[in-house]
Amino acid sequence: MSTKDFIEKDYYKVLGVPKDATEAEIKKAYRKLAREFHPDANKGNAKAEERFKEISEANDVLGDPKKRKEYDEARALFGNGGFRPGPGAGGGSFNFDLGDLFGGGGNAQSGSFGGGLGDVFGGLFNRGGAGTTRTQPRRGQDIDTEVTLSFTEAIEGATVPLRMSSQAPCKACSGTGDKNGTPRVCPTCVGTGQVARGSGGGFSLTDPCPDCKGRGLIAEHPCLECKGSGRAKSSRTMQVRIPAGVTDGQRIRLRGKGAPGERGGPAGDLYVVVHVGEHPVFGRKGDNLTVTVPVTYPEAALGGEVRVPTLGGPAVTLKLPPGTPNGRTMRARGKGAVRTDGTRGDLLVTVEVSVPQDLSGKARDALEAYREATAGEDPRAELFEAAKGA
């Protein structure tokens, strides 16, 4: 996220909450919007996906008390595109160069800022305070991976091994990039890893330093293993718990399980895309499981009790009322997929009347007798009447 985006985006408006909203109100608003615009509920809807990203970004800032405080302070200072002097300073507003604030230079019109304003953004953009040559910790990279689960594993949850490759501190140089372990501070960015560039209107945005590639350090004697980058490819196997009730195509975020950080920085996040295999008996509709159960004609016509299998549990018995039509769906409560709150959905049982292919002589005689007994009935009479009147 760039400095400009951080200042200009109104995250309170994105979540639809007032600026004095409590943490509980922010969490409630986020959950409501996340359910409404989640990609799983809006497949193929690019606008909903973009809206979901905005909601998640707003929650990442407002849901963290420290980030929210920094965001509020930044918006109060720079939200209108310029610094507003206090009473007696001449009124109005004027533009300034953000590079001066981060670099420690004062402004002749606004007085001396010292080094404090750089701290407002320090934790969010990995920038040091004014005048510093101290290199800052760097967050590790996020990792994307995929996993395939069986239908049952997706419903019940599973712990799976994931082998991942990512960039980690080079073991040969201990992550310094210098084979002697003594890199020097980059003179271009003075160890911050970023340089300012003008964007018009008096603002100065930041980009990774082209000389040190954002590290803040330059190796005088580049390490032969990592070529001076301080990072090397590392492979590891991690046991990851996939929660119960995940759906096919769902993307799960595991905080802090990504690539290790640099110079004491936090690890990145791990994003796991889940693929779910099909089941020979059961299907799924949201939090509910589905199953089709064949019944005989006498069971459908006269009623009766039918045993129905469940996923991973004992069978349940459902009562068929007399005259049950083909395709009727009944519900076995609490036998479906696990929801996020720990409760379960239902098992939707669809009745399918089974027509026998081979009949014994006794069964054929019984059906012939039934046909004679119902010879005066025409189940298609209403169909033809409706067709005439259309």
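Colleague: In what order do the three strands of the open sheet stand?
Modeller: This is a predicted model, in which local features need pLDDT of at least 70, side-chain atom pairs count only at pLDDT 80 or more, and totals for chains, interfaces and linings use all residues. Residues are numbered from 1 along each chain as its sequence is written, and side-chain values use heavy atoms, with hydrogens and water left out. Strands are DSSP runs of E with at least two residues, numbered from the N terminus, and two of them pair if DSSP finds at least two bridges between them. The pairing in this open sheet is mixed, and the order is β1-β9-β8.

Colleague: Which strands stand at the edges, and why is one side of each left without a neighbour?
Modeller: Each edge strand has a single partner strand, so one side of it has no neighbour in the sheet. The strands in this position are β1 (143-149) and β8 (251-254).

Colleague: Which residue in β9 is the bridge partner of I252?
Modeller: Strand β8 is joined to β9 (residues 270-276) by four bridges, and the two run antiparallel. Within β9, I252 has as its bridge partner V272.

Colleague: Is N59 buried or exposed?
Modeller: N59 belongs to helix α4 (residues 46-62); a helix is a DSSP run of H or I with at least four residues. Leaving aside residues up to four places away in sequence, N59 touches L15, I26, Y30 and D64, where contact means heavy atoms within 4.5 Å. Buried means under 20% relative accessible area and exposed over 50%, with partly exposed in between (1.4 Å probe, protein chains only). Because its relative accessible area is 17%, N59 is buried.

Colleague: What distance separates the C-alpha atoms of L205 and Q194?
Modeller: L205 lies in strand β5 (residues 203-208) and counts as buried because its relative accessibility is 11%. Q194 is eleven residues from L205 along the chain, and their C-alpha atoms are separated by 9.7 Å.

Colleague: What is the volume of the second largest pocket?
Modeller: A pocket is an open set of points on a 1 Å grid over the protein atoms alone where a 1.4 Å probe fits, with protein on both sides within 12 Å along at least five of seven lines; lining residues have an atom within 4 Å of a point. Here the lining residues are L359, R364, L367, E368, Y370, R371, T374, E377 and P379. A volume is the space filled by probe spheres set on the grid points, which are joined across faces, edges and corners. For the second largest pocket, this volume is about 320 Å³.
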